[in-house]
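Please read them with the sequence and the structure side by side.

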Amino acid sequence: MTAVDAIGGHGRTVQHRTSGLAPGLPKPRGPVTALLFRRLSTPPDGRALHLDVTGADLGDGDFQLALFACYELHYRGFAGVDERWEWEPSLLAARAVLERHFEKLLARAVPRPRVAGPHDVRRALVALTADDSGPSVSRFLARRADREQFREFVVHRSIYHLKEADPHTWAIPRLAGGPKAALVEIQADEYGGGRAERMHSELFRATMRGLGLDDSYGAYLDRVPGITLAISNAMSLFGLHRRLRGALAGHLAALEMTSSLPNRRYAQGLRRLGGDAAAARFYDEHVQADAVHEQVAAHDLCAALAADEPHLAGDIVFGAACALELERSWAAYVMARWERGDSSLSRP
Ligand SMILES: [Fe+2]
Ligand SMILES: [Fe+2]
């Protein structure tokens, strides 16, 4: 449905439509998304929106998809959804209910790591990211996965990689001095240093095409489980709230500090399964880039931010722990299904 209002004045009407870059609304997965998507399909009218997520756990698909859709209004939106929903007070109030629940679930699932003070942030990040006791998807992909499982892996990752770096970019205006410069240095690489074809999201699209997958934004939103959406939702939660800027910086550091080696294994697995250089480039690029990014993120971004704003030290390390815990839960979910001979995605 196209929404029309009178902002144009003088008899003109302004249509609030999202561009062709946006996917359509996904299919509802339960009562929460059914109600939310029904409302999003009509123009905002100021009516209150009550979304009840009591009892939903971290992997609840209905809950995570509802939160994901609320956040997506700040990224590319959805085709056919009035763009004014982004700042509609009733939507923001409903989103706040989902976020409170998500924060409670994260607090329950992720014990706050011990940090002795701002000077201890780097050590705490290194200690956290050195623990690789969880199920290793990257080792499985390197040596044993079949092509279908590799394609599934890429489908899961497409939810984030097709907007790679965007959630962490929210922090740029919220930082100052050294930490801001460090984040911009990382993000400039993620966005291809000014060359669209080198943007990491574009390299990932080449990986998808090389595996015969649909590389359009949001194409697989209906196929991925709640835990995959939770990974993206944590970044958006930390990114969209200035009070959580410490957690966002720590989250980015955790991604960068656990990237180089797994990406080497992904590239190895993809080549073993016949992937060519263009398809593997996304992974090859991360082996190189993230060896540098991990230093910049841990030292120049996180340790420097803790020095500038000492009260953020605990949040920085907590954000990193959240990233790692969600990744572990996701890996356990995927590996359990693959070990049973099942797909880790829902049926089309
Ligand atoms: Fe990247
Ligand atoms: Fe990176």
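1. A165 counts as buried, because its relative accessibility is 2%, where buried means under 20% relative accessible area, exposed means over 50%, and partly exposed covers what lies in between, with a 1.4 Å probe and protein chains only. This residue sits in the loop between α6 and α7, and its phi is positive, at about 85°, although A165 is not a glycine. As background, most residues other than glycine have a negative phi.

2. A word on the basis of these notes: this is a predicted model, in which local features need pLDDT of at least 70 and side-chain atom pairs count only at pLDDT 80 or more, while totals for chains, interfaces and linings use all residues. Residues are numbered from 1 along each chain as its sequence is written, chains are lettered from A and ligands numbered from 1 in the order in which they are written, and side-chain values use heavy atoms, with hydrogens and water left out.

3. The iron ion (ligand 1) is coordinated by E164 (OE), E190 (OE), H200 (ND1) and H286 (NE2), at 1.8 to 2.1 Å; donors here are N, O and S atoms within 2.8 Å of the metal (3.2 Å for Na, K and Ca), and since water is not among the atoms, sites may look incomplete. Along the chain, the donors of this iron ion (ligand 1) follow the spacing E-x25-E-x9-H-x85-H. The angles among its four donor atoms run from 81 to 167°, and the site is irregular.

4. E190 bridges the iron ion (ligand 1) and the iron ion (ligand 2), which lie 4.1 Å apart. E164 is found in the loop between α6 (147–161) and α7 (166–169), whereas E190 belongs to helix α8 (residues 177–190), so this pair ties together parts that are 26 residues apart in sequence. Helices (H or I, at least four residues) and strands (E, at least two) are DSSP runs, numbered from the N terminus. Both E164 and E190 are buried.

5. Which residues coordinate the iron ion (ligand 2)? The donors are E190 (OE), E256 (OE), E256 (OE), D290 (OD) and H293 (ND1), at 2.1 to 2.5 Å. A pair among these links distant parts of the chain, with E256 in helix α11 (residues 245–257) and H293 in helix α13 (residues 277–308), 37 residues apart. E256 is buried, as is H293. The spacing of the donors of the iron ion (ligand 2) along the chain is E-x65-E-x33-D-x2-H.

6. The count of salt bridges comes to 20, a salt bridge being a side-chain nitrogen of Lys or Arg within 4 Å of a carboxyl oxygen of Asp or Glu. R39 pairs with D45 in one of them, with the closest N and O atoms 3.5 Å apart; R39 is buried at 8% relative accessibility, while D45 is partly exposed at 45%. In the salt bridge between R84 and D82 the closest N and O atoms are 2.7 Å apart, and here R84 is partly exposed, with a relative accessible area of 27%, whereas D82 is buried at 3%.

7. A further salt bridge joins E325 to R328, with the closest N and O atoms 3.3 Å apart. Both residues lie in helix α14 (residues 313–339), three residues apart, about one turn of the helix. E325 is partly exposed, with a relative accessible area of 22%, and R328 is partly exposed at 29% relative accessibility. Elsewhere, salt bridges that share partners join E202, R205, R209 and D215 into one network.

8. S343 is located in the segment after α14 and is partly exposed, with a relative accessible area of 35%. Between S343 and P28 there are 315 residues in sequence and 21 Å in space, C-alpha to C-alpha.

Technical notes. Four donors count as tetrahedral if all angles lie between 85 and 135 degrees; four count as square planar and six as octahedral if opposite donors are over 155 degrees apart and all others between 65 and 115; anything else is irregular.
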